[in-house]
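Welcome, and thanks for taking a look at this chain.

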Amino acid sequence: MAALAACAPAGDPRPAPADAPQEAVVPRPSGAPESVRQAALRRERAEEARLAQERAAREPSPASATMRDYLAGTQDALIAKGRMKRDDGSSAGPITVAALTDDFVAIALRDEYERNGAALVRGVHDAPLRRWAAPVRMQVEFGPSVDAGSRVRHRADIAAFAARLSAVTGHPVSLTGSGGNFVVLVVSEDDRAAVGPRLSQLVPGIPATDVQAVVDMRPQNFCTVFAYSAGSSPVYSRAVAVIRSELPHRMFQSCVHEELAQGMGLANDSPAARPSIFNDDEEYALLTRHDELLLRILYDPRLTPGMREAEARPIVQTIATELLGGNS
């Protein structure tokens, strides 16, 4: 999980080329009634604001540009160390029933954080099985500074992974233009400081600490997800993922795979899980076969939301045996 801070975008200091199209200016009618002149002035200001926003979207602020360079360097360093692999993990060797069972318990029946009053406190602890019962409708929203080309690429990545989640789990997962119950916010350093009101709209009653975790996201945190249920129910009803728009493509895809899969109910990470994206060592960038098996187990109808380890483990072991053909 993660969090970060934002700055206002700088304006474009460069003069427009001589042959560039001129910005439209709404003329002020002479001799017109005061109400007409005021309406024209409002239109002019609105047009100026729109053009300023377009210029800001083309030119990232120094904070956003610095973040982009930092993340690009981070990706290069990880790849140079042999991490951020994009294969399905088959080269890591066979997956055993025992390992898959243990990994499921560690990832689906443990939590990475717990609440101490209103605060989120890091510390792994036992948790009930949680997942969605209603169809998952993923909705993608972009910060104002995210350019049109990036929006097309990012939406395509999210749409493709939503379809994969649906195929793997057997649970309906789709992309929607509005009314989603799982919203993916793609925002830059320049957007995130103002995201609080939108989070409050998406999740009425969202804890202030969750909002602050997004606003104050540290550079080392590339993305995060929060999944919510009504009251103490183990059935998810809403989720919000936040992904940095400055991420280079492989890291962006990695965030999509990990956060959206965690938002389906695989809430924890485990250093023992391998080959897996649910491991903070960043060895794998994309969902592996091991991770697909975890998702299939999670949505198997023999498991029910609310189960704890003592009840779930023998069922998980049976399902794992079936999936692996008895490979112990």
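## Handedness and the α3–α9 crossing

A crossing of two helices is called right-handed if the near helix is turned clockwise from the far one by less than a right angle, and left-handed if the turn is anticlockwise. With that in hand, please keep in mind that this is a predicted model. Helices α3 and α9 make a right-handed crossing. Here α3 spans residues 97–108 and α9 spans residues 309–324; their axes come within 9 Å and cross at roughly 140°. An angle over 145 degrees would count as roughly antiparallel, so α3 and α9 are oblique to each other.

On the α3 side, the contact is made by V97, L100, T101, D102, F104 and V105. Helix α9 brings E309, R313, V316, Q317, A320, T321 and L324 to it. Sorted by class, the residues of this α3–α9 contact are seven nonpolar, three polar and three charged.

## Where α2 meets α7

At what angle do α2 and α7 pack? Helix α2 (residues 62–80) packs with α7 at about 85°, and the axes are 9 Å apart. The two helices are therefore roughly perpendicular.

L71, T74, Q75 and I79 of α2 make this contact with H249, R250 and M251 of α7. By class, the α2–α7 contact has three nonpolar residues, three polar and one charged.

## The disulfide and its surroundings

Which cysteines form a disulfide? They are C223 and C255, with sulfur atoms 2.1 Å apart; the count for the model comes to one disulfide. The torsion about their S-S bond is about -80°, so this disulfide is left-handed. It links distant parts of the chain: C223 belongs to strand β7 (residues 223–229), while C255 lies in helix α7 (residues 249–262), 32 residues apart.

Are the two cysteines buried or exposed? C223 has 8% relative accessibility and counts as buried, and C255, with a relative accessible area of 4%, is buried too. S254 is also placed in helix α7. At 7% relative accessibility, S254 counts as buried. Setting aside neighbours within four places in sequence, S254 is in contact with M84, Y284, A285 and L286.

## The chain as a whole

Stepping back, the chain has nine helices and eight strands. It has 328 residues, of which 46% count as buried.

How much of the contact in the chain, counting separations of 6 or more, comes from residues 24 or more positions apart? Such pairs account for 72% of those contacts.

Methods: Residues numbered from 1 in each chain as written. Predicted model: local features only at pLDDT ≥ 70, side-chain atom pairs only at ≥ 80, totals over all residues. Heavy atoms only, no water. Axes fitted to C-alpha atoms, helices over the stretch in contact; angles between N-to-C directions. Helix = DSSP H or I, 4+ residues; strand = E, 2+ residues; numbered from the N terminus. Parallel < 35°, antiparallel > 145°, perpendicular 65-115°, else oblique. Contact = heavy atoms within 4.5 Å. Nonpolar A, V, L, I, M, F, W, Y, C, P; charged D, E, K, R; others polar. Disulfide = S-S within 2.5 Å. Buried < 20%, exposed > 50% of the residue type's maximum accessible area, 1.4 Å probe, protein only.
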